[in-house]
Amino acid sequence: MSRLIGQRLLQALLVALVVGVLTFILTRALPGDMAFRIAAGRYGYDYVDAAAAAAVREELAPEGNALLALGQWLGDLLRLDLGRSLVSGEPVLDEIRHQLGHSLQLALGALLAALLVGPPLGVLAGLRPGGWFDRLSLVAAACLRALPPFVVGVLLILLLAVGAGWLPAAGHGTPAHLVLPALTLALGLAAVSSRVARDSTRTVAGSAYYAFARHKGLGEGQVFLRHGLRNVGVPVVVYQGVQLIYLIEGVVVVETLFAWPGIGHALVHAIVARDVPMIQGTALVMGLMFVLLNAGVDLLCWLIDPRRRAP
Amino acid sequence: MRIFRRFGLAACLLAVSLSTVARDGVLDIVAPWEIGGTDPAQAGYVFTRLGIAETLVDVDAEARPIPGLASAWKVSDDQLTWRFTLRDDVRFHDGSVLTAQVAAHALTAARDKPGILQQVPLAGIEAVDDRTLVLRLTEPFSPLLAALAHTSAQILAMAAFEDDGRVSRVIGTGPYRIDIFQPPQRLTAVYHEDYWGEAPAIREIAYLAAGRGETRALLAESGDADIVFTLDPASQARLARNPALSVHSVPIPRTVLLKLNAAHPALNDPRARQALSLAIDRAGIATGLLREPEAVADQLLPPGLGAWHLDGLPTPARDLQRAAALLAELGWEAGPEGMLFRDGEPLRLTLRTFPDRPELPLIATALQDQWRGLGVDLQLAIGNSSEIPAGHQDGSLELALLARNFALIPNPLGTLLQDYGPGGGDWGAMNWSDARLNEILQELRAGADPARASALRQEAAAILHEALPVIPITWYQQTAAVSRALENFSIDPFERSYRLSSMDWAAP
C-alpha cells in the first residue's frame, strides 16, 4: 500500500518536471510571432496591431533569456505560484480553479449519472446474454454512442428546456445548470459502460467458479453478490477511470454548447494566444490529475480485489 | 413503488421551482463576447455596454458627443487645450468620490497601454482643481471627444488600479455595480444606489457569454435569456416566428473587406483590383451565406455614417467579362484549364483570414470559388487574426479577408486615420497611399467647420471608392432576439451601450 503511494508520488514529481519543460519548449517552438499572438488574445481582432504587439514585446523583454524564464517558473512552482496569465492578467491559479473546478463538477456529475444507469443495465443484460433485454440494450447503446454529444445536447435542450421548461438551457451559476450538460455526457458514457459491464458479467457468469457457487445451492442473488459483483467491478472501475480523464479534458464541445466554463476550452484559448504561463499551469495540473486518478483507480481495484492485496 | 412516487413528486416540485427562475426580475443578457479580463483596454466594451463603467464624454444616437462624467468642456482658440468640468455628484461603486485627480489617474493609466488614447497627440493630463481636468495637445485633434468616449478611456476609481497601473478590479460609476464576476463568461450586476443619473427601472442584470449561435438561440427560445445578441442566420427566421420573442436588426458600421498588398506585382494596378472586385458575387454571398440581402456593400463605409457614405451608387453586380478584359489589358492570358498566366507565371494569390468571426472563412471559400471563374488561383490560409497585421509589417501579406469596425471610436475618422493615412495601416491599405486623401484626413483631424467637413468626407469616400485600396464586400447587421416581457428595447448602432437603463418589464 505505502509502496503504491510512494510510487505515485515519485511519478507526480516526474510528471511536473517533464510537463513544465516540455510545454515550455513546445510553446516556444510553435510558429508565428508570440508577441502578436498574445496581443491578439488580449485586445481582440479589432485592436491587435503592430503597436500593441510592440508593447507586449517590451513587457516580455525581461524574460528574454528562455533558460532563465524556465528556471524562474520552476522556482515559482516550488512556492506554488503559477504566475499570471499573459492574456487576462489574472493569476493562473485562480483561472484554473474556476475553470477546472467547473470541469470537475461536470465530469463527476456525468460519471455519477452514468454509473447509476450504465453498469446496472449492463449487469442485467449480461446475466441473460442473447436475451431480448441484451439485444435491446445493445441497439440503444449503439444509437446513443453513435450520436455526437453535440446532437444529444441540442435534443436534450429542446426537450427539457425549450419544450418542458424544467431546466435552464445553458449557462452556469446554479446547480440546475449542471443537469443538462452532465446528462448529455452521461448518456454517451452509460452506453459504453453498460456494454463493458455486460461483457464482464457474461464472462463471470459463464465461469466455472460461478457455476460451482450455484451447484453448492446458493440462490441467484446470493451468487451474484458473493461471487459476481467484485469480479464484474474491476473492469468497470478501470474503464470509468479512463472515462473520467476523457471527460475532464475532452468535453470542449459540450462545454461550449452549454456555455459552461471548462479547462479544455481554456487550454485551447491559451495555446492559440500563446499564453505560456496558462498553458504550463493547465498542463501541469492536468498531468498531476492523471497521476491522482490512476492512483485512485489502483486503490479502488486494490480494495475490490483481495488477490491484489496478497504479498 | 412508493419510493418512485415520492421521487416523482420531488422531481415535479424541483421542475416547477426551476421554471420560475426565468421571471425573477433579473434581466438576462446573452452575447457572444467573452469578458477578457478587468482592464478597460481588454474588456472595457463589456462594462460600458452593461452600464457598469462610464467615460467623461458620452455620445447620442447619431454619435454626437454629449456630456458623460464631464458636464461641460471648452477648447482654447488654438485647439490645443481642452478644459473639462466634471460632475460634482458622482460616486464610484466603492463609495469614493469622482474628482479630477481620479479622472487624470485613470486616463494616464489608459494612455500608457496600447489603444486609442495612444493616437491622441497628448502633451499632458492635469487636474487643475477637484472639478477641472485639463488635456493639453501637441497639435489640434478634432476627434478628441470621440476618443474620450472610447471604452478604454473609462474612468475607474483609484482602488481599481494596482501600483504598476494594472487594473485588478472594475470599480466604475455606472448605474450597475458588479456583484458576481466570473470571467471569461459570466457576470451579474445590481443597481448602484449612489448613481448620479436617473435610476433604472430594472435593478438586477446578468451577462453570459455563449460562443455558439445555436446555444444563444436556444436560450432565447427557452426563456432563460431576455436579450440575445447576434443571431446566426439559420436561427433568425425561426426566432422571428416565436410569439414570445421579437427580433431586431440594425445596420452597424462594420464592413467585410479584402485588404490587398498594392505592391504585389499582380495587384499594383488599380485595374487589377477593379477586376477582382468585379468577379465577386456580393449578392450571392449576402443572400446565400449571410441570409441578409441588404448586406451587399457598394462602398467601404456603410450608410448611417453621414457624409462618409456616398448616396446613389449602383448596386455592384458580378461582371466576369469586364473583369477578364481588365486583366487582359494587364497582360494576363488564359492558359490550361482557364487559369490566367503572365510570362509563364500563374495568377496565384494567398488570402489570410481568421475564424473568430465564423462568416469570414465561409466568405473566403466563396471568393476562392468565384475567382476561379476568372482564372485566379486563390489559396486560403485560415489562422490567427494577428497574422494579418504581422504580415502587413513584414510585407509577406498578399490578401486578407477581415471585418473592420469603423466606429472603434464613435467617429469614423479615427479608424480611417489609422488605416488609410500615409503608409496605410495594419487593418487597412497596404503599400498604397493617396496624397489628396492624406490632405483631407489631416484637415479633418485638425478640425474644419461643418459644411467644409461634410464636403471633405464625401471627397474622401469618393477617393476610397475609385482607387480601391481595399475591396469592400458586405456590411453587417447587429441582430437581437428579445423577450416580449421587456419594453423599450433598442440597439445602439455604435454598440457602446445596451441601453439597459431605459428598459422596463412589460405589465403582466
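Two strands count as paired here if DSSP finds at least two bridges between them. In this predicted model, strand E1 (residues 26-31) of chain B and strand E11 (residues 227-229) of chain B are joined by two bridges and run parallel. One of the residues involved is Ile29(B), whose bridge partner in E11(B) is Ile227(B).

That pair sits inside a bigger picture. Chain B has an open sheet of 10 strands with mixed pairing, in the order E8-E9-E10-E1-E11-E19-E12-E18-E16-E17. Strand E8 (176-182) and strand E17 (377-382) of chain B take the edges with a single partner strand each, so each has one side without a neighbour in the sheet. On average, and ignoring direction, neighbouring strands of the sheet are turned by 25 degrees against each other.

Further along chain B, helix H13 (residues 435-446) and helix H14 (residues 450-467) have axes that come within 10 Å and cross at roughly 150 degrees. The angle is over 145, which makes H13(B) roughly antiparallel to H14(B). The crossing of H13(B) and H14(B) is left-handed. H13(B) brings residues including Leu437(B), Ile440(B) and Leu444(B) to the contact, and H14(B) brings, among them, Leu456(B), Ala460(B) and Ile463(B). By class, this helix contact has eight nonpolar and three charged residues, with no polar ones.

As for the two chains, their contact draws 40 residues from chain A and 42 residues from chain B. On the chain A side, helices H2 (34-43), H3 (50-60), H7 (149-163) and H11 (252-257) supply at least two residues each, and H2(A) gives the most, with six residues. The chain A residues that touch chain B split into 25 nonpolar, nine polar and six charged.

Conventions:
Residues numbered from 1 in each chain as written. Chains lettered and ligands numbered in written order. Predicted model: local features only at pLDDT ≥ 70, side-chain atom pairs only at ≥ 80, totals over all residues. Axes fitted to C-alpha atoms, helices over the stretch in contact; angles between N-to-C directions. Helix = DSSP H or I, 4+ residues; strand = E, 2+ residues; numbered from the N terminus. Parallel < 35°, antiparallel > 145°, perpendicular 65-115°, else oblique. Left-handed = near helix turned anticlockwise from the far one by under 90°. Contact = placed C-beta atoms within 7 Å. Nonpolar A, V, L, I, M, F, W, Y, C, P; charged D, E, K, R; others polar.
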